[in-house]
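Hi,

Here is the structure I promised to pass on. Have a look at it first, and then read my notes below.

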Amino acid sequence: MLAATIDAPTRTRPVLEVENLKAYYQMNYFGVSREVRAVDDVTLTINRNEIYGIAGESSSGKSTLIKTIAGAITPPLRVVSGSVKFDFGGSQLDVYARPKAMKAARWRHLSYIMQGSMNVLNPVRKVRHAFDDFAFRHMGLSPAQFRSRVEGHLKRLGLDPRVLESYPHQLSGGMRQRLTIALATVCEPEFIIADEPTTALDVLVQQDVLALIKDVQQRLGSSVVFVTHDMTVHAAIADRIGIVYAGRLVEEGPTDDAFARPQHPYTAHLISSLPRLGDVSRRKALPGKPPNLSDPPSGCRFHPRCPLAIDRCKVENPPLVSRATGRVACWRAGEVEVA
Amino acid sequence: MSVLLELQSVTKTFSIGGFFDRSKLQAVKGATFALDDTRPEIFTIVGESGSGKTTIARMILGNETPTTGTIRFMGEDVSQLRSRRRRLAFMARVQPIFQNPFEAFNPLTTLDYYLYSTARRFLGVRGAAADEALDKALNHVGLSLAEVKGRYSHELSGGQLQRIAVARALIPGPKLIVADEPVSMVDASLRMSIVNLFRTLRDDLGVSIIYITHDLATAYYISDRVIIMHKGDVIEAGEARAVLDNPQQAYSLALKNAVLPPDPTAARLALERRRSAVSAV
């Protein structure tokens with residue numbers, strides 16, 4: 001619908017540009033101030049019609065990154081510097097320069113598939129109300145039109161419109177997760193953020209949910225930012241992936257390249273540690289734990305756990321530099337061997 | 001052969017619903033298997049949510065009594081352990097590990113408290129002797145008492161917490177560890193440290209492990225034997241490699257196909273297959 005009004009040059013522009021974004025949790029309790037650098041100097045662009053996977057361990061700052069991108073931040077989280085710019089159908093939107101404009105764009109242009117489906121759907125109200133609450137005011141339709149639009153949308157996603165009359169507890173976890181996807185896509189947004197939508201699901205259901213997200217994305221031509229720590233999910237769904245470690249983007253590139261030729265030792269580890277069916281050779285686990293972001297290691301934040309670390313890594317932070325197919329932040333990029 | 005654990009046609013029926021719409025739910029419909037005492041192994045129970053795998057675990061631990069059938073641990077019927085002394089002796093030999101390490105430990109209690117109380121209860125030791133027992137157990141999981149003492153659960157990662165849970169289970173010197181989905185709440189990158197640890201426990205300490213999971217990839221990686229459960233029925237059982245390489249039932253094949261391979265081309269293909277299978281229905 002919107003695509004028709006966009007003229008050719010703007011179509012090729014990326015839908016999201018994030019520049020040197022820094023977002024810190026700044027706390028001041030009993031005179032002791034603490035700063036947690038959850039997003040530290042992230043620059044990335046997301047193109048139209050692509051699935052961009054963000055991978056990283058818990059507490060690596062990946063959830064904070066997408067919250068900051070969506071402009072959904074509350075103190076003590078603050079954006080210290082940098083910018084987040086969306087381009088919806090030719091109209092520019094700077095999230096932190098004009099926060100009010102962002103409000104109008106939410107759900108209509110930018111929506112969110114959340115992890116805990118039970119937290120999205122109100123347990124004491126029918127599912128229909130969730131659609132009314134989230135989407136109705138953004139669509140500008142009459143109640144009858146809205147209703148038929150929602151029902152048509154559910155049918156296209158392979159869901160029975162009768163689920164609208166059920167309460168969340170009557171539905172299975174997989175069905176609820178599919179409903180949150182329907183909810184996030186009913187306005188046909190150009191930009192969808194999916195935060196670990198498959199983590200709590202059984203393997204069979206997980207595949208169905210992934211297939212559904214891919215279907216919707218292809219039909220709408222939207223951009224999806226897909227966040228999960230599970231690299232096999234990225235392998236299945238992402239066009240490009242960005243690896244986040246301790247609040248920094250350490251590697252980015254097309255999924256096939258990142259899996260075939262990881263440049264950063266952390267990426268290589270994430271991939272080689274995955275168990276494979278039919279293979280029982282011993283897989284190495286990465287020692288140590290993700291760093292504490294209020295007191296991160298000096299230099300490259302990965303150096304205490306890195307098998308390739310040299311003295312330079314301990315003092316100098318490697319910049320994110322462009323390579324043939326992507327970007328990588330490592331002094332010894334490309335030297336890692338894939339098991 | 002002496003038998004460590006033996007389940008004989010164990011069933012469990014739950015009664016659900018209110019006064020007027022009471023119905024019965026058969027969570028487990030006849031499970032029979034045995035673990036050998038002389039040959040420690042990793043015995044895996046695979047199934048989706050609602051397949052009855054957790055119910056079996058709870059019955060083995062003595063938290064639920066079977067509706068019919070018997071569970072014997074070293075010749076003793078688990079549901080007949082009446083006296084406190086016999087229950088403690090049983091608990092010392094069969095230890096649990098739970099799914100979510102963030103919930104298993106109280107965030108307001110230091111982690112060593114759990115370890116000390118386990119040592120006091122099962123070994124009857126305090127002070128320096130307890131320190132020694134804790135340090136020994138923690139060394140088995142690649143940690144030390146100095147690293148853990150005085151720490152709270154929020155200070156450690158999920159993988160580390162789960163290792164501490166394993167160390168706690170090791171303190172009484174168990175013969176059997178029942179691990180219910182021990183890695184599903186742990187980051188994919190840290191999972192292998194737990195899974196490798198189970199292998200080490202089996203090989204070095206001779207502990208048998210009942211590993212409950214829905215993830216076939218790690219099941220294939222560590223199991224000696226596996227049973228696959230579906231809606232309370234054991235639909236396949238046998239040597240792990242034999243069963244998982246060549247599944248006989250449609251459901252186990254679907255489970256196997258649902259494992260996404262860690263390779264973009266193959267993973268996309270798997271997803272594509274699932275999409276066409278779903279749209280064909």
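**Notes on the model**

Let's start with Thr255(A), which sits in helix 10 (residues 255-260) of chain A; helices (H or I, at least four residues) and strands (E, at least two) are DSSP runs, numbered from the N terminus. Before going on: this is a predicted model, where local features need pLDDT of at least 70, side-chain atom pairs count only at pLDDT 80 or more, and totals for chains, interfaces and linings use all residues. Residues are numbered from 1 along each chain as its sequence is written, chains are lettered from A and ligands numbered from 1 in the order in which they are written, and side-chain values use heavy atoms, with hydrogens and water left out.

Is Thr255(A) buried or exposed? Thr255(A) counts as buried because its relative accessible area is 0% (buried means under 20%, exposed over 50%, partly exposed in between, with a 1.4 Å probe and protein chains only). Leaving out residues up to four places away in sequence, Thr255(A) touches residues including His234(A), Ala238(A) and Ile241(A), plus Pro264(B) and Arg268(B) from chain B. Contact here means heavy atoms within 4.5 Å.

**Where the chains meet**

That brings us to the interface. Chain B puts 44 residues into the contact and chain A puts in 42 residues. Together they bury about 3800 Å², with 58% of it on carbon and sulfur atoms; buried area is the accessible area (1.4 Å probe) that two parts lose on being put together, summed over both.

How many salt bridges does the rule find across the interface of chain B and chain A? It finds 1, a salt bridge being a side-chain nitrogen of Lys or Arg within 4 Å of a carboxyl oxygen of Asp or Glu. Asp256(A) pairs with Arg268(B) in a salt bridge, and their closest N and O atoms are 3.3 Å apart. On the chain B side, helix 8 (188-205), helix 9 (216-222), helix 11 (250-257) and helix 12 (264-280) each supply at least two residues that touch chain A.

Helix 8 of chain B has 18 residues and runs 26 Å from its first C-alpha to its last, close to the 26 Å expected at 1.5 Å a residue (the expected span is 1.5 Å times one less than the number of residues). Of those 18 residues, 14 are buried, so the helix is mostly covered. Just after helix 8 of chain B comes Gly206(B), with a positive phi of about 70°.

Over in chain A, helix 7 (residues 173-185) has 13 residues and should span 18 Å; its end C-alpha atoms are 19 Å apart, which agrees. Helix 7 of chain A is mostly covered too, with 10 of its 13 residues buried. Among them are Gly174(A), Leu179(A) and Ile181(A).

Ala167(B) belongs to helix 7 (residues 158-170) of chain B, and counts as buried because its relative accessibility is 0%. Beyond its neighbours within four places in sequence, Ala167(B) is in contact with Ala137(B), Leu138(B) and Val141(B).

Ser184(B) is in the loop between strand 7 (176-180) and helix 8 of chain B. With 18% relative accessibility, Ser184(B) counts as buried. Leaving aside neighbours within four places in sequence, Ser184(B) is in contact with Gln99(B) and Arg191(B).

Happy browsing!
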